[in-house]
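Please keep the structure open while reading.

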Amino acid sequence: MSVEIDYTKIGKRIQSVRNERNLTQEDVANACGCTSNHLSAVETGTHRPSLALIIKLATVLNSSVDYFLMDTAQANQQYLINSRIAPKLDNCSAYELQYIERVIDELMQYKTELLRSK
């Protein structure tokens, strides 16, 4: 099974969180044990961060590894639900939520039927 990872998006998220925390690349790089040049290359997607570096970055930036990897199919489903779907649902009326529930039910039924036909 091939895993698609968008390192540019990961880098942008790292940079975004770092900026939100008002930290320089040098601050974060020193805390993670890498150079600011390497961190810059990670943030631009030029270099692929190791899993160990992603874990260090998540710790230093007080974020989650899932947040940095959320576009991959292997990302934590609950994190995606809580961070991306639930906030949208919070803005829906009761009628809209009932409609969304029916759409989800239809999608799940379609998926079940599709799997049965294989």
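A residue counts as exposed when its relative accessible area is over 50%, as buried when that area is under 20%, and as partly exposed in between. By that rule Glu20 is exposed, because its relative accessibility is 55%. The model is predicted. The structure holds 2 salt bridges, and its largest nonpolar core has 15 residues. The count of disulfides is 0.

**Salt bridges**

- Side chains of opposite charge can pair when their charged atoms come close.
- Arg18 and Glu43 form a salt bridge, with 2.7 Å between the closest N and O atoms.
- Arg18 belongs to helix H1 and Glu43 to helix H3, so this pair ties together parts that are 25 residues apart in sequence.
- Both Arg18 and Glu43 are buried.
- A salt bridge also joins the side chains of Glu20 and Arg21, at 3.8 Å from N to O.
- Arg21 counts as partly exposed because its relative accessibility is 35%, whereas Glu20, at 55%, counts as exposed.

- Helix H3, which spans residues 36–44, contains Glu43.
- Glu43 counts as buried because its relative accessibility is 3%, and the limit for buried is under 20%.
- The side chain of Glu43 also makes a polar contact of 2.7 Å with the side chain of Gln25.
- Leaving aside residues up to four places away in sequence, Glu43 touches Thr8, Gly11, Lys12, Ile14, Gln15, Arg18 and Gln25.

**Nonpolar core**

- Within the largest nonpolar core, the residues with the most contacts are Ile14, Leu39, Leu57, Leu61 and Phe68.
- Two or more residues of this core come from each of helix H1 (7–20), helix H2 (25–32), H3 and helix H4 (51–60).
- H4 gives the most to this core, with 4 residues.
- Leu61 touches Ile14, Val17, Arg18, Arg21, Leu23, Val28 and Phe68, again not counting residues up to four places away in sequence.

**Cysteines**

- A disulfide is a covalent bond between the sulfur atoms of two cysteines.

Methods. Residues numbered from 1 in each chain as written. Predicted model: local features only at pLDDT ≥ 70, side-chain atom pairs only at ≥ 80, totals over all residues. Heavy atoms only, no water. Buried < 20%, exposed > 50% of the residue type's maximum accessible area, 1.4 Å probe, protein only. Polar contact = N/O pair within 3.5 Å; in protein donor to acceptor, adjacent residues only side chain to side chain. Contact = heavy atoms within 4.5 Å. Disulfide = S-S within 2.5 Å. Core = buried A, V, L, I, M, F, W, Y, C linked by side-chain atoms within 4.5 Å. Salt bridge = Lys/Arg side-chain N within 4 Å of Asp/Glu carboxyl O.
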